[in-house]
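Open the model in your viewer and keep the selection tool at hand.

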Amino acid sequence: MILVQLNKEDFEYDIHSLVKAFFSSENVSVCTASLKITEPVSLWIYVDYYPGRIGLAMSEDGRDAEPVSAAGAKNCEKVQSLVFSVDDTDRRGTKNLLKQNLYQLLSAYTKKTLPWGTLTGVRPVKIPLTMLRQGKDESAVAAYMEKTYGTSKEKIDLSIQIANRELRLLNRLDYENGYSLYIGIPFCPSTCLYCSFTSYPLSVWENRIDLYLDTLLKEIEYTAAQFAGRTLNSIYIGGGTPTTLLPRQLDRLLTAIERNFDLSSVLEFSVEAGRPDSIDKEKLEMLRAHGISRISINPQTMKQETLDLIGRKHTVEQTIESFHLARSLGFDNINMDLIMGLPQETLDDVIHTMEMIRPLDPDSITVHSLALKRAARLQMYKEDYADLKIINTQQHLDTAASACAQMGMRPYYLYRQKNMAGNFENTGYAKEGRAGIYNILIMEEVQTIAALGAGSISKRVYPDGSVKRCENVKDVASFIERIDEMIERKKHLLGDY
């Protein structure tokens, strides 16, 4: 365990995220008081806040598990420490200085650097996007990101490239009067080993999905009435796996959307078909009948042994068959999701996956870096999976990026998650005219999104750029029972929109 002790509460989240980025496999605890230590501590980090200055220290000698102050740590063995001045009236500047100096200590201790430097947030492209919209040139953006966050040149170039593409796409949206819609279907054929999303096994809920749809349609009717007269720019039906719904259930949901919302200004309507084992001809025909413009068919990998290991109940052949079926039915905007860093996968496996996908010629590919969330089985029962190797390197990502470029795709959006394998990122690549608009919106937070269904989060974006959220409960049974409360939450957030 790595223990971080603070003399007062401040910047705990930022400190934890940065330390965890260096020590992804370690348990990291941040506290302001002495703890009763129940496991060995490999490294002690001390953060002391004083008026106008901050003290940092690191030690491998915890003085018999008794935390001390940064000043007291100077008497410990193998200690590194520094003190630096801060402007207490500038909170953002103080946070950046704290992270820069902590990064310096951690980098010296581990003898490694991070590709994104001190950036630990999920939306790194928001920085260059904001600066470019303010009229700053690319060289100013690059200099700021390098000086403030220590971001590598490769990641700076990537984020600026994506920000420029996002700007062109976002110029098509109605910011003043527009909004987008997310609808969540929280059911899956099975739960993958790495998954922490709010999803429920279809086998358990199969007989109650119509009841969920009854509830969802009530939320749809409220939301449509609330946004009457506004411009709906994009719709995304995600999950879970929306195509776990039966054809008649898909028809019911899509008909309700068409009946309640004005779709005349919708630039993109996406349905995440996702799991190949949830797709068949009748469902795809139903989506086409309702004019769906974009779907995802997500293999994650094209190595069968990995699919079996992670609990994906489909075969590589099913992925290929589902893709060809969708093409034959007229789908001309198909995305595929891949994950780098899956257990036991090597660079050769990534090369194999890209070689298998190239002949399919999808319209976009999202390359994810595996993120180990606490709620995933792979993390909750990690002692059962201790022998599994999880490797993700820049070479893995470069291999995928090169293959996407060969298929005529360019990067168009990017985001990060906590505890990502290799501390890298997720990047979306797309052919010209096939970039996913909703993907950009959910990351850059430039347009209000009304989110419906269990576990969804609505975001209201104000004219000054500030964002407020309201969440629906994650548990499906609770969502059904408390739908009136969920609608009241939306009224509170969106009532005067």
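The tour gives a selection at each stop and says what is there. This is a predicted model, in which local features need pLDDT of at least 70, side-chain atom pairs count only at pLDDT 80 or more, and totals for chains, interfaces and linings use all residues. Residues are numbered from 1 along each chain as its sequence is written, and side-chain values use heavy atoms, without hydrogens and water.

**Cavity.** Select Ser-17, Gln-417, Lys-418, Asn-419 and Asn-423, which lie nearest the centre of the largest cavity among its 13 lining residues. Lining residues have an atom within 4 Å of a point of the cavity, a set of points on a 1 Å grid where a 1.4 Å probe fits but cannot get out.

**Helix 12.** Next select residues 347-357, where Leu-347, Asp-349, Val-350, Thr-353, Met-354 and Ile-357 are buried (under 20% relative accessible area, 1.4 Å probe, protein chains only). Helices are DSSP runs (H or I, at least four residues), as are strands (E, at least two), numbered from the N terminus.

**Rings.** Now show Tyr-212 and Phe-479, a tilted aromatic pair at 5.5 Å centre to centre with 45° between the planes. Rings of Phe, Tyr and Trp (its six-membered ring) pair if their centres lie within 6.5 Å; planes under 30 degrees apart count as stacked, over 60 as edge-to-face and the rest as tilted. Tyr-212 is in helix 7 and Phe-479 in helix 16, so the pair ties together parts 267 residues apart in sequence. Both Tyr-212 and Phe-479 are buried. Finish at Tyr-413 and Tyr-415, a stacked pair at 5.9 Å and 25°.

Conventions:
On a 1 Å grid over the protein atoms alone, a cavity is a set of points where a 1.4 Å probe fits but cannot get out, and a pocket is an open set with protein on both sides within 12 Å along at least five of seven lines; lining residues have an atom within 4 Å of a point. Buried means under 20% relative accessible area, exposed over 50%, partly exposed in between (1.4 Å probe, protein chains only).
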